[in-house]
Amino acid sequence: MKKMKTVSIVLVLGLLTTLLAACGGGNNEGSGGASPSGSAGASEGAKNGDPVTLTFVISNTEDTTAFTKVFEAYEQQTGNKVELQALPGGDYDNLIKTRFSTGDFPDLFLMQPGTKQYVKLRAEETLHEWSGESGVWDNVIDSIKQAQVENDKIYGVPYGSTGMMGVFYNKEVFKQAGVDVPKNYADLIEIAKKIKAAGFTPFYEGVKDAWPPQVFYYTGWVTQVDPAIGEEGVAKLNRNELKFTDIPELKDLFAKQKELKELDLYQKNVMAGTYDEMQNEMGDGKVAMAFMLDGIISQMEQKFGKDWVANNLGFFPFPSETDQGTAMITPPNQLMVPEKAKNRDAAIELVKFMLQPENVDLFYANKPGIPIFEGATSELYPVQEDVKAFIDAGKSQVNIQNRLTASFVDFSKTLQNFFLDGDIDKAIGEFSANYQKDGKAKLLEGF
């Protein structure tokens with residue numbers, strides 16, 4: 001098989017232009033919180049230098065191997081231990097909120113990315129603030145840091161790898177159909193028609209599973225909507241000063257998805273499509289492309305092996321009208337420390353330990369992915385290298401869902417109905433109304 005290539009992230013000017021308000025530089029020397037010696041949340045063990053056992057809460061859907069390796073190094077250096085507590089992934093958010101409401105605070109926990117989590121957990125009242133903390137932001141790529149900023153405050157430290165969504169494709173099918181990656185959106189449609197003429201299914205969509213059709217819009221947003229509305233447009237959406245129904249480029253995405261169905265470029269009986277069948281059909285060489293998130297990489301590896309992923313799986317972004325488009329990426333999960341944690345100060349120092357370059361590399365050695373830290377190394381599949389090439393070229397953007405505080409509530413249900421009736425105005429109206437409803441429910445300013 002082709003060996004996965006070792007790569008190094010370097011600072012790239014203009015990388016991942018963020019649409020969030022900027023905050024201070026990553027090398028601030030001041031501390032954003034109270035000094036360790038004066039913290040009400042500090043443990044006696046941390047004050048006196050005695051070993052302590054920290055609790056780290058994580059979802060049971062997460063692979064803990066890489067964290068365990070870093071914690072073993074931490075124990076060797078400090079004498080402190082870290083106890084992992086895995087909570088059921090399906091109810092993780094509610095269980096964390098329940099622990100907060102009862103005062104049962106972990107010392108450290110892992111949470112999904114973005115500022116939405118600040119609202120859920122009443123961050124200003126409950127969480128340690130990191131924006132000015134020394135030893136935290138030295139190597140984090142700035143745009144990844146900015147995706148965590150709200151009102152110049154940061155309550156979670158990103159840790160892990162860059163996620164991605166886009167068009168994943170079977171290279172062998174492309175070869176047999178005599179096509180290459182598209183140069184623009186019109187080219188994508190022509191390529192799909194040639195693939196169909198060659199006897200393959202151009203696109204697979206998992207409508208029955210509900211969530212997969214959303215990927216089309218998230219990937220299309222960074223290519224088509226972001227350039228049109230700019231940073232101020234996203235800020236207006238956050239303040240409810242701009243409606244989804246007033247964005248022509250977003251409405252056009254609904255028209256484009258409808259066109260794929262009308263041109264018969266999806267699999268037969270698209271309403272019965274599932275994520276699992278998509279993997280099988282693509283792996284068996286029957287399907288050429290799918291708008292999908294990067295979870296497909298590990299799933300295809302499990303089903304068809306590392307050789308198949310290394311040699312057959314490719315990636316390109318949602319193309320624009322004029323070029324190959326912008327790669328959509330997602331920040332990793334974030335580390336959070338409650339201010340009232342028993343071992344708050346030790347937990348802060350643990351986070352700083354985890355961010356040291358040698359420990360970042362130790363993490364990636366056990367859980368490879370596209371690094372978010374400058375100078376970090378990790379083994380990547382060619383399909384991940386495809387994404388990294390767009391990142392290095394400054395042609396990537398963070399998922400809009402990670403940049404808005406309100407959520408796209410019931411979007412999957414809206415799209416299932418849209419596949420049935422094809423009513424664009426109805427779909428985008430419902431999409432917009434549900435977003436505003438969520439903003440009101442969260443008591444966000446402007447909603």
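Trainee: Which element gives the most residues to the lining of the largest cavity?
Mentor: First, this is a predicted model, where local features need pLDDT of at least 70, side-chain atom pairs count only at 80 or more, and totals for chains, interfaces and linings use all residues. Residues are numbered from 1 along each chain as its sequence is written, and side-chain values use heavy atoms, with hydrogens and water left out. Helices are DSSP runs (H or I, at least four residues), numbered from the N terminus, and the top contributor, with 4 residues, is α16.

Trainee: Which residues of α16 are buried?
Mentor: Buried means under 20% relative accessible area and exposed over 50%, with a 1.4 Å probe and protein chains only. On the other side of α16, Lys413 and Leu420 are exposed. The buried ones are Phe411, Thr414, Leu415, Phe418 and Phe419.

Trainee: Within what arc do those buried residues fall?
Mentor: The arc is that of the directions from the helix axis to the C-beta atoms. Seen down the axis of α16, the buried residues line one face of the helix, because they fall within an arc of 140°.

Terms used. Helix = DSSP H or I, 4+ residues; strand = E, 2+ residues; numbered from the N terminus.
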